[in-house]
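Please look over the structure below with its charged side chains, aromatic rings and strands in mind. The report that follows takes these topics in turn.

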Amino acid sequence: MNSGRLLSLGTGRLRTVAAILISEVNQVIPVSRMIDLAWDADPPARARGVVHNHVHRLRQLLAGQAEIVTRGQAYVLIADPWAVDANRFQNLVSGAREAEPLTAVAKLRQALGLWRGEVLADVPGDRVRRTLGVRLTQARVAALQELGERLLLLGRYGELIAELTAWLAEHPLHEELTALLMRALQASGRQAEALDHFHRTRRHLKDQLGIDPGPALSETYLAVLGQKPALAPHFPDRPSAGPGPGPAVPYAPDRPPALLPSVAQLPPRIPDFCGRAREIAALDQKLDRVPRPDCVVLAGGGGAGKTTLAVHWAHRLKDEFPDGQLFVDLRGFERPPMRPGTVLGMFLRALGVPDVKIPDAVTERSALYRSLLAGRRMLVVLDNAGTAEQVRPLLPATPGALAVVTSRRRLSGLMIRDGAALVTVGPLPADEALELLGSALGRQRIAAEGAAARELVERCDRLPLALRIAAARLMAHAGWSLAEWTKKLADEGHRLCELSAADPDLSMEAGLHLSYRALSSGAARLFRLLGLVTGPEVEGHAAAALAGRDLERTRRHLAELCEAHLFEEQPGGHFARTELVRIYAAKLVASEETPADRELARQRLSAHTVRSRLRPG
């Protein structure tokens with residue numbers, strides 16, 4: 001990023017701030033998240049000023065090479081993404097997956113050559129290394145594993161043995177790479193060494209983790225002993241290679257479906273779950289319908305508690321689905337989202353399909369998955385879906401099975417093409433919101449400060465996530481009254497900041513940002529400009545005037561905002577939003593639109609208002 005110039009960042013927090021910005025180059029990073037990452041313990045009161053000073057220093061160091069732009073209470077580093085080693089690494093690895101073996105080996109070696117030790121090793125702070133470094137480290141191991149598979153295919157065993165022996169000397173608990181080394185040793189005629197590595201790894205796992213080797217390492221051990229066929233190559237995070245040319249052979253389990261492995265992947269439900277009586281009744285009614293739907297979509301905005309509700313309801317239904325439950329977080333609004341092929345591979349392994357029997361193509365994986373579920377009463381929870389296309393290959397297609405999908409969008413395509421039922425998850429009714437607050441803080445405290453409690457739940461838009469964050473903050477500050485906390489939330493300039501926790505994922509602003517960045521550019525612009533409107537509702541013609549666009553295009557953008565649960569359409573052509581959404585839009589328009597553009601939008605809206613008042617009737 002600096003044309004070969006070595007920049008001195010010292011050894012302190014300036015290096016940490018630089019690592020955060022560079023790791024998410026061209027992405028908007030809230031200052032609150034930077035503070036959470038940069039301090040392992042409670043940040044000091046002056047943390048925001050410290051971050052600001054470090055960003056100012058980095059701007060000076062990067063002058064002429066990259067730019068750090070302020071976006072309200074956030075920063076974004078504008079730079080060529082391929083100037084960042086981590087991005088170059090990912091690009092090279094992706095290119096290797098589509099290349100022939102010799103080219104793939106060269107690309108993988110080039111990618112792995114970018115590493116100069118552990119990721120972020122010279123950056124102070126455990127939290128930032130854990131948060132930003134784990135995925136990169138996993139990607140490095142996956143690339144090394146893929147390189148090993150390619151070298152095995154090329155017969156370059158000695159080369160592979162030398163590399164893996166050095167790696168495993170520092171990471172002796174890595175089972176997949178141990179299995180790869182054993183296969184290379186066996187292919188070189190060194191069976192005794194392969195078995196010795198197995199027993200050594202087994203002792204490490206037992207002594208340090210108290211566990212036995214997993215299926216992949218155990219099957220490799222049996223293959224080296226000659227008790228099982230040799231394993232076919234397996235490439236991480238991509239379809240497994242088949243046994244060789246020729247037509248694909250469908251997997252036929254040697255056990256009937258009823259005897260396939262038991263699967264129970266549901267996360268634990270929240271013990272103090274309360275409320276959602278209307279939604280649970282609606283879900284139960286969907287299952288009482290004839291014909292019964294194969295898929296139910298729980299759709300709602302960020303923080304509405306869709307996942308909590310889905311898991312709670314799924315636990316209630318477990319007895320109706322005795323053949324098991326599958327669960328996956330599809331990360332539909334994160335980058336990158338989970339791919340259907342990857343999820344199908346996970347599901348097939350959970351259902352007992354060996355890696356070597358998992359087909360290459362997504363369509364074939366989906367067909368095998370549905371064949372295995374045929375005749376089984378199975379519950380499949382697909383959490384945090386981004387699009388109908390991400391979900392469709394994962395839907396079971398057998399009577400008796402049920403898919404429960406949660407999403408920030410309505411996923412209308414699933415209703416239109418797949419007959420899915422829809423249940424909207426919005427803000428809680430006032431009494432249920434008070435019940436949720438009381439379950440956390442104590443019902444006596446809520447009763448004693450009834451007026452402040454009612455105001456507090458409204459400041460939180462009666463959203464479960466916001467209410468739980470507020471309750472957690474109150475529990476951490478036992479001396480605060482509900483009235484004092486409600487007064488803090490009355491300041492719209494700080495409300496979103498107050499409704500955040502140390503975990504960057506537990507923040508109302510972060511949740512809204514995920515929905516916002518998934519919008520098309522036109523809908524995102526309209527959403528920002530609507531931050532200039534102070535009221536909770538806007539009429540369609542007024543929105544068109546504000547945006548300076550024709551009514552038809554504006555209606556399409558408003559429909560997209562409703563699909564994303566950032567607005568709700570009301571009778572008479574009006575569109576409503578919650579207070580937190582309005583506050584977030586106001587922050588965006590202040591930081592991402594120029595003063596001139598804001599003034600022009602206000603003038604257009606003002607002129608429309610005057611015309612409307614003068615119009616007859």
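## Salt bridges between helices

R109 is partly exposed, its relative accessible area being 30%, where buried stands for under 20% relative accessible area, exposed for over 50% and partly exposed for what lies in between, computed with a 1.4 Å probe on protein chains only. R109 forms a salt bridge with E163, and the closest N and O atoms of the two are 2.3 Å apart; the term salt bridge is used for a side-chain nitrogen of Lys or Arg within 4 Å of a carboxyl oxygen of Asp or Glu. This pair links distant parts of the chain, since R109 belongs to helix α5 (residues 101-112) and E163 to helix α7 (residues 157-170), 54 residues apart. E163 is likewise classed as partly exposed, at 26% relative accessibility. The model is a predicted one, in which local features need pLDDT of at least 70 and side-chain atom pairs count only at pLDDT 80 or more, while totals for chains, interfaces and linings use all residues. Residues are numbered from 1 along each chain as its sequence is written, and side-chain values use heavy atoms, with hydrogens and water left out.

A second salt bridge is made by the side chains of R183 and E149, at 3.0 Å from N to O. Because R183 lies in helix α8 (residues 175-187) and E149 in helix α6 (residues 126-154), this pair ties together parts that are 34 residues apart in sequence. R183 and E149 are both buried. Helices here are DSSP runs of H or I with at least four residues, strands are runs of E with at least two, and both are numbered from the N terminus.

## Aromatic pairs and charges over rings

Six aromatic pairs are found in a search of the whole structure; rings of Phe, Tyr and Trp (its six-membered ring) pair if their centres lie within 6.5 Å, and planes under 30 degrees apart count as stacked, over 60 as edge-to-face and the rest as tilted. One of these pairs is that of Y516 and Y584, which is edge-to-face, with 6.2 Å centre to centre and 80° between the planes. It links distant parts of the chain, with Y516 in helix α23 (residues 508-517) and Y584 in helix α27 (residues 579-592), 68 residues apart. Y516 is buried at 8% relative accessibility, and Y584 is buried with a relative accessible area of 3%. The rings of F527 and Y584 have their centres 6.2 Å apart and their planes at 45°, so this pair is tilted. F527 lies in helix α24 (residues 521-529) and Y584 in helix α27, so the pair ties together parts that are 57 residues apart in sequence. F527 is buried, with a relative accessible area of 1%, and Y516, F527 and Y584 form one aromatic cluster.

Two arginines are placed over phenylalanine rings: R377 lies over the face of F321, at 5.7 Å from the ring centre, and the charged end of R408 sits over the ring of F333, 5.7 Å from its centre. The criterion is that NZ of Lys or CZ of Arg is within 6 Å of the ring centre and within 35 degrees of the ring normal.

Strand β6 (residues 379-385) is mostly covered, with seven of its seven residues buried. Strand β5 (residues 325-329) runs parallel to β6 and is joined to it by five bridges, two strands being paired if DSSP finds at least two bridges between them. V328 stands opposite L382 in β6. β6 also pairs with β7 in the parallel sense, over five bridges, and L402 in β7 is the bridge partner of L379.

T406 is found in strand β7 (residues 402-407) and counts as buried at 1% relative accessibility. A polar atom of the T406 side chain lies 2.8 Å from the backbone nitrogen of N384. Leaving aside residues up to four places away in sequence, T406 touches L298, K306, T307, A310, L382, D383, N384 and A385, where contact means heavy atoms within 4.5 Å.

Definitions and conventions
A polar contact is a pair of N or O atoms within 3.5 Å; within protein, one must be able to donate a hydrogen and the other to accept it, and residues adjacent in sequence count only if both atoms are side-chain atoms.
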